[in-house]
Amino acid sequence: MESSLTVKAYLYREWSEGSLEIRRFALDSAELNQFKVLLKKIAVAFSRATEEQLKLHWIDEEGDRVTISNDEELALALQSCSGNLFKVHVLLMQPSDSQPSRHAHQQEPQSGCPPDRGVYHPNVVCDGCEGPVHGVRYKCQTCKDFDLCSTCQSKGVHSDHSFEAINSPRFFWFGPRR
């Protein structure tokens with residue numbers, strides 16, 4: 001194995017759904033067999049989760065999803081990688097009961113916005129407080145990518161522009177990949 005390894009991490013809420021995000025980062029030779037280091041780097045890469053919420057897996061030569069939860073299991077997984085690329089599949093667990101979430105739009109991650117404010121808008125970050133958006137999402141009509149949670153909007157953040165109030169998450173489906 002070379003002095004560093006590229007990790008390609010796929011984040012999922014449920015195995016039946018496609019990945020939410022894919023991230024790449026490097027592991028130095030000193031970090032290669034350290035499960036805690038890998039877990040911490042993945043938590044940093046996917047800033048929406050804590051280390052306790054992440055369950056790591058790799059796909060073996062028979063196509064089975066194998067759990068990685070310690071240094072020994074990581075060492076076995078690393079033996080299977082070809083070249084200097086290691087693919088790891090990451091399941092994001094619910095914070096309350098460590099079970100995979102059932103509905104992404106109902107998942108309520110910790111944030112600066114109170115979680116009792118209504119439905120969660122996945123993949124939207126408030127540009128005022130940097131937290132996830134619950135309840136009404138306020139989308140700036142002038143700026144290309146600027147959203148506020150109801151708390152920041154009520155504080156007058158970015159008040160020089162007008163906003164569209166969005167009550168429920170928008171999901172787009174572009175059809176099957178070809």
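Analyst: Happy to. A residue is called buried when its relative accessible area is under 20%, exposed when it is over 50%, and partly exposed in between, using a 1.4 Å probe and protein chains only. The model is predicted, so to speak of a local feature requires a pLDDT of at least 70, and side-chain atom pairs count only at pLDDT 80 or more, while totals for chains, interfaces and linings use all residues. Residues are numbered from 1 along each chain as its sequence is written, and side-chain values use heavy atoms, with hydrogens and water left out.

Let's begin with the charged pairs. A salt bridge here is a side-chain nitrogen of Lys or Arg within 4 Å of a carboxyl oxygen of Asp or Glu, and searching the whole structure gives four of them. Helices (H or I, at least four residues) and strands (E, at least two) are DSSP runs, numbered from the N terminus.

One of the salt bridges joins E21 and R23, with N to O at 2.7 Å. E21 is buried because its relative accessible area is 18%, whereas R23, at 36%, is partly exposed.

Another pairs K41 with E31, whose closest N and O atoms are 3.4 Å apart. This pair links distant parts of the chain, ten residues apart: K41 belongs to helix 1, and E31 to the loop between strand 2 (21-28) and helix 1. With 28% relative accessibility, K41 is partly exposed; E31, at 18%, counts as buried.

R137 and D147 also meet in a salt bridge, at 2.9 Å from N to O. R137 sits in strand 8 and D147 in strand 9, so the pair ties together parts ten residues apart in sequence. Both partners are buried: R137 has a relative accessible area of 11% and D147 one of 4%.

That last pair leads us to the sheet. Two strands are taken as paired if DSSP finds at least two bridges between them. Three strands make an open, antiparallel sheet in the order 9-8-10. Strand 9 (147-148) and strand 10 (163-166) are at its edges with a single partner strand each, so one side of each has no neighbour in the sheet. Strand 8 (residues 137-140) is joined to strand 10 by four bridges, and Y138 stands opposite A165 of strand 10. In the segment after strand 10 we find R170, partly exposed at 40% relative accessible area.
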